[in-house]
Amino acid sequence: MHTSIPSVFAALMLLGGCAGAALAQDADYRTVTVSNTQVARLGAHGPARDKDCALRTPPVVRVIDAPRSGQLQIRSAKIKLSATASCPAIEAPVQAVLFRAKPNFTGQDKVSYSVTGASGRQVTHTIQIVVKAGGPSPMRPSRDRETAI
């Protein structure tokens, strides 16, 4: 059987495209704007619920690349999960990811951290941070940044 080079190349490109799409599901790239006078919450990551409504083991958050012009902190906290059709409301532990810029710093910074759930699924978060002078800081990101894995 003879396979042409273009056919092999096309198959590799197809496989590479599928692998790239799968990897994209396990990565979060975004840009946030924060104040240099306040602490900004970049994310809150907690355990998912099992079918019987019990909480799974909390995820592990690990810093990959720390910011150069500020501090990144991982703190334990609790949030209230809303009731669903099959589960009651419950308080759950989360790992909150917080950023504070150095005093008087304005400009850009970048952080990267990973979140690994009990199932072994890992999501890498890479965040470009735009630090502005004074003013309010978004303490609560959009709900899609509160992950349960």
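Modeller: Buried means under 20% relative accessible area, exposed means over 50%, and partly exposed lies in between (1.4 Å probe, protein chains only). This is a predicted model, in which local features need pLDDT of at least 70 and side-chain atom pairs count only at pLDDT 80 or more, while totals for chains, interfaces and linings use all residues. Residues are numbered from 1 along each chain as its sequence is written, and side-chain values use heavy atoms, with hydrogens and water left out.

The chain has one helix and eight strands; helices (H or I, at least four residues) and strands (E, at least two) are DSSP runs, numbered from the N terminus. Side chains of opposite charge can pair when their charged atoms come close. A salt bridge here is a side-chain nitrogen of Lys or Arg within 4 Å of a carboxyl oxygen of Asp or Glu, and the count comes to three.

One of them joins D26 and R121, with 3.4 Å between the closest N and O atoms. D26 lies in the loop between α1 (5–24) and β1 (27–35), and R121 in the loop between β6 (107–116) and β7 (122–132), so this pair ties together parts that are 95 residues apart in sequence. D26 is partly exposed at 28% relative accessibility, and R121 is partly exposed at 38%.

R30 pairs with D28, their closest N and O atoms being 2.9 Å apart. R30 is buried at 10%, and D28 is buried at 9%.

D50 and R56 also form a salt bridge, at 2.8 Å from N to O. D50 is partly exposed at 32%, as is R56 at 37%.
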